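Here's a quick briefing to read alongside the sequence and the model. Have both open as you go.

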Amino acid sequence: MIKPLIQGLALTIKYFLSPSKIVTMQYPDEKWKPYPRFRGLHELQRDEDGKEKCVACGLCAEVCPSECISLEGAENAYGERYAETYEIDMFRCIFCGYCEEVCPEEAIFLRQNYELATGNPKDNIYTKEKLLVPIKKKAMKKSSKKVKKKINKVYSYG
Ligand code: SF4
Ligand code: SF4
């Protein structure tokens, strides 16, 4: 009982007396590098033409054990389904990854961003605008003017 206590204290004193041997991470100056399979903030995907992949099937919301996904589907002018609204309550999400696994369109992935702390309680809701990846410059270049116009019209990007 006494021996482990002394060993622990000795270790503490050793590091206390040698500040150059810092063992704690100096966050936020020093960032933690997540493991490859780490599940962080969600990301809604686009296809190579910049169109949203989500078809608002609702499977992710159905499978979510925390019931923290809510979405509303709609049809665009071409009869294609998409998520008009898509929200995740990050206070309730347990980052299990079920939404990612069940998605038939590979439209949602949990990425490695773990800096989700906020001082504003209203920031817990991540809307589609926050979750959707921006249109890649390459896709914008590749897409014809007609396609760009279609994307903007269909999803009301302005
Ligand atoms: S990671 Fe799990 S808890 Fe979070 S939104 Fe997806 S299914 Fe729900
Ligand atoms: S993210 Fe995937 S599973 Fe969820 S509604 Fe969209 S297409 Fe369906």
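Helices (H or I, at least four residues) and strands (E, at least two) here are DSSP runs, numbered from the N terminus. On that basis, the protein has six helices and five strands. Keep in mind that this is a predicted model: local features need pLDDT of at least 70, side-chain atom pairs count only at pLDDT 80 or more, and totals for chains, interfaces and linings use all residues. As for labels, residues are numbered from 1 along each chain as its sequence is written, while chains are lettered from A and ligands numbered from 1 in the order in which they are written.

**Overall layout**

- Reading from the N terminus, the elements go α-β-α-β-β-α-β-β-α-α-α.
- Two residues are in contact if their C-beta atoms, placed from the backbone, lie within 7 Å. Among contacts in the protein with a separation of 6 or more, 71% are between residues 24 or more positions apart.
- A residue is buried if 20 or more other C-beta atoms (placed from the backbone) lie within 10 Å of its own, exposed if 12 or fewer, and partly exposed in between. By that count, 11% of the 158 residues are buried.

**The nonpolar core**

- A nonpolar core is a set of buried Ala, Val, Leu, Ile, Met, Phe, Trp, Tyr and Cys residues joined through C-beta atoms within 7 Å. The largest one here has 14 residues, and Cys 54, Cys 60, Cys 99 and Ile 108 have the most contacts inside it.
- Strand β3 (residues 81–89) gives the largest share of this core, with three residues.
- Leaving out residues up to four places away in sequence, Cys 54 touches Leu 44, Tyr 82, Ala 83, Tyr 86, Glu 105, Ala 107 and Ile 108.

**Around ligand 2**

- A residue is near a molecule or strand if its C-beta atom, placed from the backbone, lies within 6 Å of it. Ligand 2 has 14 residues around it, the closest being Cys 54, Cys 57, Leu 59, Cys 60 and Cys 103.
- Ala, Val, Leu, Ile, Met, Phe, Trp, Tyr, Cys and Pro count as nonpolar, Asp, Glu, Lys and Arg as charged, and the others, Gly among them, as polar. Sorted that way, this shell has twelve nonpolar residues, one polar and one charged.

**The annotated cysteines**

- An unreviewed UniProt entry carries a "binding site" annotation on Cys 64, Cys 93, Cys 96 and Cys 99. They gather at one spot, because no two of their C-alpha atoms are more than 10.6 Å apart even though they span 36 residues in sequence.
- UniProt positions follow the numbering used here, with shortened feature names, and annotations may be inferred rather than shown by experiment.
- Cys 93 sits in the loop between β3 and α3 (98–102). Cys 93 is buried, with 21 other C-beta atoms within 10 Å, and touches Ser 66, Cys 68 and Ile 88, not counting residues up to four places away in sequence.
- Cys 96 is in the loop between β3 and α3 too, but is partly exposed, with 14 other C-beta atoms within 10 Å.

- The Tyr 27 to Pro 28 peptide bond is cis, with omega near 10°; Pro 28 is in the loop between α1 (2–17) and β1 (42–44).
- Ala 56, a residue other than glycine, has a positive phi near 55°. Ala 56 lies in the loop between β1 and α2 (59–63) and counts as buried, with 21 C-beta neighbours inside 10 Å.
- Glu 67 also has a positive phi, near 50°. Glu 67 is in the loop between α2 and β2 (69–75) and counts as exposed, with 10 C-beta neighbours inside 10 Å.
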